[in-house]
Amino acid sequence: MPIQIVKGEGAYFYDAEGNKLLDGISSWWVNLHGHCHPYISQKVSEQLHTLEHAIFSAFTHEPAVKLAERLIGHLPENQSKIFYSDNGSTAVEVGLKMVLQYWHNQGISKKKFIAFENAYHGDTFGGMSVGARNVFNNAFENLLFDVIHIPLPDDDNMEQIKEVLQGWFINHNDIAGFIFEPLVQGAAGMLMYEAKYLDELIALCKENKVLCIADEVMTGFGRTGEFFASNYLSNKPDIICLSKGLTGGYMPLGVTSCAQFIYNSCVSDDKTKTFFHGHSYTANPTACSAGLASLDLMEKEETWAQIAMISKLNQKFVIKLKNHPKLKDVRSKGTILALEINTEEHTHYLNNSSESIASYFLNKGIIVRPLGNILYIIPPYCITENEIKHVYKVMEQFLEEL
Ligand SMILES: Cc1ncc(COP(=O)(O)O)c(C=O)c1O
């Protein structure tokens with residue numbers, strides 16, 4: 001049965017039975033600065049007394065304009081426009097549609113996408129299509145559009161991936177875009193890969209007029225140690241999808257940013273070229289005010305000191321556990337740490353050990369939500385050094401008792 005949460009404060013939840021639980025996963029990767037952060041709560045409350053919601057077509061409002069301007073200031077330089085939606089899946093859906101309409105508006109028939117194996121980009125039909133074919137979308141498989149799925153690049157397979165793609169580019173001229181979770185594939189099991197390979201793939205795509213979408217729904221806002229994972233790249237994506245940490249974990253909001261040339265492709269006196277996409281709660285002012293308050297905190301030195309502290313501790317812990325006999329792998333990128341636990345079953349989202357791992361940690365007052373046999377943490381940045389070290393200690397105890 002689900003546990004009833006009655007209160008949140010800093011890195012902790014409190015349940016209906018009075019238990020204090022450390023939120024090791026930022027409440028599904030959304031919370032950045034801690035629960036009920038007084039500053040964000042204050043700003044949201046002020047907004048609620050000014051303008052709670054407004055139609056965002058033919059009308060606009062200050063929180064949306066300000067948030068767009070400030071996000072553009074943080075995103076890679078080639079990003080110049082912001083499109084609002086409601087969540088991570090819609091941010092991705094909008095990105096895919098922008099790519100398709102970019103080609104359509106020029107009368108060019110390009111409709112195929114490249115994506116990584118194991119990818120997760122959300123639960124809408126576009127998001128499911130570019131995602132891996134797996135338990136999340138079995139029931140809908142026949143309805144998903146075809147995608148070229150390539151393996152995550154490494155030293156051994158990079159040349160082969162490039163050859164396969166080059167073959168496609170030579171024989172077909174139908175690839176519209178390449179979508180990827182930069183550097184860390186979240187739901188796939190916190191799988192990590194190097195920026196240099198992604199840079200090469202983006203370069204190859206650009207040479208062949210394929211638009212690139214970075215799905216930073218999970219990796220955005222400091223998770224990988226940089227403001228955006230795209231900051232590790234020399235070749236910048238044309239489109240970037242954001243959600244989760246966008247409002248500090250307060251309200252649902254999605255953003256799809258794009259380069260000027262993509263925006264320009266939809267600006268015309270011919271109304272059929274319009275990018276027709278909207279949601280009732282698009283750019284909700286209250287959500288935007290949470291986003292602005294969260295950005296205020298992201299811009300503080302203390303936040304980056306916390307991100308650096310968590311990242312450093314993670315790196316040290318990875319070294320400590322490197323050859324642990326109970327682990328298949330241990331890895332970290334910035335504030336994300338993942339332990340792939342050796343079990344009789346293979347590594348898989350439905351691996352049965354997930355529940356027992358979660359309940360072991362819950363009994364110790366820590367919330368984790370393993371992806372099968374992959375135990376990971378992605379904590380709010382307000383977590384203290386002692387609290388992180390406590391989580392590591394419980395992880396080691398858990399491995400010892402396995
Ligand atoms: C990389 C990525 N893209 C998209 C999504 C979908 O976001 P949402 O759950 O807000 O629809 C997720 C959610 O986990 C994600 O990790």
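Domain bounds here come from an automatic or database domain assignment. That assignment gives domain 1 (5-30 + 301-401) and domain 2 (42-298). The structure is a predicted model, in which local features need pLDDT of at least 70 and side-chain atom pairs count only at pLDDT 80 or more, while totals for chains, interfaces and linings use all residues. Residues are numbered from 1 along each chain as its sequence is written.

The C-alpha centres of the two domains lie 27 Å apart. Across their boundary, 22 residues of domain 1 are in contact with 18 residues of domain 2, contact requiring C-beta atoms, placed from the backbone, within 7 Å. On the side of domain 1 that touches domain 2, the elements giving two or more residues are helix 1 (26-29), helix 10 (301-321), strand 13 (327-333), strand 14 (336-341) and strand 16 (374-377). Helices (H or I, at least four residues) and strands (E, at least two) are DSSP runs numbered from the N terminus. By class, this side of domain 1 has twelve nonpolar, eight polar and two charged residues; Ala, Val, Leu, Ile, Met, Phe, Trp, Tyr, Cys and Pro count as nonpolar, Asp, Glu, Lys and Arg as charged, and the others, Gly among them, as polar.

Helix 2 (38-48) has the buried residues Ile-40, Lys-43, Val-44 and Gln-47. Seen down the helix axis, these fall within an arc of 95°, so they line one face of helix 2; the arc is that of the directions from the axis to the C-beta atoms. The face turned away carries the exposed residues Pro-38, Gln-42, Ser-45 and Glu-46. A residue is buried if 20 or more other C-beta atoms, placed from the backbone, lie within 10 Å of its own, exposed if 12 or fewer, and partly exposed in between. The cover over the buried residues of helix 2 includes helix 3 and helix 9.

In helix 3 (residues 62-74), the buried residues are Pro-63, Ala-64, Leu-67, Ala-68 and Leu-71. Among the elements covering the buried residues of helix 3 are helix 2, strand 4 (79-85), strand 12 (254-259) and helix 9 (285-298).

The ligand has 14 residues around it, of which Asn-87, Gly-88, Ser-89, Gly-122 and Val-217 come nearest; a residue is near if its C-beta atom, placed from the backbone, lies within 6 Å. Helix 4 (residues 88-104) supplies the largest share of this shell, three residues. The shell divides into five nonpolar, seven polar and two charged residues.

Definitions and conventions. Two residues are in contact if their C-beta atoms, placed from the backbone, lie within 7 Å.
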